[in-house]
Amino acid sequence: MKTTVTNLLGTKYPLIQGGMAWVADAYLAAAVSNGGGLGLVAAGSMNGELLRKEIQLTKTLTDKPFGVNIMLMNPCAAELAQVVIDEKVAVVTTGAGSPGKFIDAWKQAGIIVIPVVASTGLARRMEGLGADAVVAEGAEAGGHIGEITTMVLVPQVVDSVSIPVIAAGGIADGRGIAAASMLGASGVQIGTRFLTSVECTIHQNYKDIVIKSRDIDSRVTGRSGGHPVRCIKNPLVMELLDLEKKGATFEEMEEITLGSLRKAVKDGNIKEGSFMAGQIAGMINKIQPAKEIIEEMFAEYEQIIKKEGSL
Ligand code: TUI
């Protein structure tokens with residue numbers, strides 16, 4: 001495939017892997033890049049030193065382009081912003097905030113900058129500050145989310161900016177990619193489907209939970225505190241929803257969520273872990289190599305646009 005986004009990223013397919021904190025390490029990033037997408041190392045849980053090591057490891061595992069996702073709520077964000085420059089990372093995506101203060105330095109270093117946005121307002125601001133593209137991520141996605149669904153967010157962002165728009169949230173197969181394309185997107189970002197890739201190093205319990213989960217099994221907690229997060233429901237999530245209903249403070253909620261993503265990813269702690277995943281987890285039912293996932297999705301997409309291009 002040759003598209004605006006494959007030209008921008010230097011990839012075979014117009015696909016970016018989601019920047020999943022704690023999950024997206026060098027092994028997943030390299031597997032996705034070797035499979036023809038843009039793999040990402042997620043710096044969500046890292047400091048500068050850890051990120052530098054992970055980038056250097058990724059470079060030993062792939063000779064294809066890869067990127068880094070910087071979660072802007074990370075207190076080390078400024079330090080991480082410098083590490084991607086020092087390590088000459090090709091692409092940076094950002095999440096959970098505005099990367100405004102870092103964009104100039106990244107552009108000067110020749111980095112392709114792709115902020116993840118959940119509204120047209122932020123998309124426009126990012127274009128004005130020099131972003132190369134935006135990821136428009138709908139509320140079907142896993143983890144930290146905005147309020148609007150992919151179906152309504154993507155076409156509105158497409159109409160609001162002139163840079164390429166990459167759709168995210170609820171996409172996990174060729175039908176989703178075709179739908180994103182119909183909404184005007186120039187590419188897709190996919191996270192949840194890669195949770196069950198062979199190369200994803202999360203605890204087996206996490207993969208099993210994704211595979212077992214049904215369409216209705218995710219819940220959003222933290223809306224009251226302004227930080228909505230989508231996870232697959234478990235005792236922790238039900239306790240958080242209960243606390244929220246009773247009007248618990250942000251601090252009370254934080255006390256039991258602190259470290260819970262690590263507990264899910266590293267320990268497979270079924271009761272106390274935050275098993276972040278998108279609503280599309282209900283459709284995911286097997287473990288496959290990342291390359292096979294990517295090739296299967298794009299083969300299906302091409303089949304659809306050739307044969308079933310209309311309603
Ligand atoms: O960032 C994500 N998803 C994430 S980050 C993450 S790590 C985490 N760990 C524990 C608790 C909370 C988070 C897990 N999942 N997606 C990209 C994304 N960004 N979605 C929505 C946004 C967003 C929302 C509001 C971006 C900017 C924004 O407002 C910024 C502004 O200044 O207007």
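Analyst: Contact here means heavy atoms within 4.5 Å. This is a predicted model, in which local features need pLDDT of at least 70 and side-chain atom pairs count only at pLDDT 80 or more, while totals for chains, interfaces and linings use all residues. Residues are numbered from 1 along each chain as its sequence is written, and side-chain values use heavy atoms, with hydrogens and water left out.

User: Which residues does serine 160 touch, leaving out those up to four places away in sequence?

Analyst: Thr120, Arg124 and Glu127. Serine 160 itself lies in helix α7; helices (H or I, at least four residues) and strands (E, at least two) are DSSP runs, numbered from the N terminus.

User: Is serine 160 buried or exposed?

Analyst: Serine 160 counts as buried because its relative accessibility is 17%. Buried means under 20% relative accessible area, exposed over 50%, and partly exposed in between, with a 1.4 Å probe and protein chains only.

User: And how does valine 158 count?

Analyst: Valine 158 has 23% relative accessibility, so it counts as partly exposed. Valine 158 is also in α7, which covers residues 150-160. Beyond residues up to four places away in sequence, valine 158 touches Val165, Leu183, Gly184 and Ala185.

User: Switching to helix pairs. At what angle do α4 and α5 cross?

Analyst: Roughly 15°, with the axes of α4 (residues 77-86) and α5 (residues 100-108) coming within 10 Å. That makes α4 roughly parallel to α5. Axes are lines fitted to C-alpha atoms, for helices over the stretch in contact, and angles run from 0 to 180 degrees between N-to-C directions. Angles under 35 degrees count as roughly parallel, over 145 as roughly antiparallel, 65 to 115 as roughly perpendicular and the rest as oblique.

User: Which residues meet there?

Analyst: From α4, Ala77, Ala78, Ala81, Val84 and Ile85; from α5, Phe102, Ala105 and Trp106. The contact divides into 8 nonpolar residues, no polar and no charged. Ala, Val, Leu, Ile, Met, Phe, Trp, Tyr, Cys and Pro count as nonpolar, Asp, Glu, Lys and Arg as charged, and the others, Gly among them, as polar.

User: Now strands. Which way do the residues of β11 point?

Analyst: In β11 (residues 229-232), Val229 and Cys231 point one way and Arg230 and Ile232 the other way; all are buried.

User: How many bridges join β10 to β11?

Analyst: 4, with β10 (residues 218-221) and β11 running antiparallel. Two strands pair if DSSP finds at least two bridges between them. Arginine 219 stands opposite cysteine 231 in β11. Strand β7 (residues 143-144) also pairs with β11 in the antiparallel sense, over 2 bridges, and glycine 143 stands opposite arginine 230.
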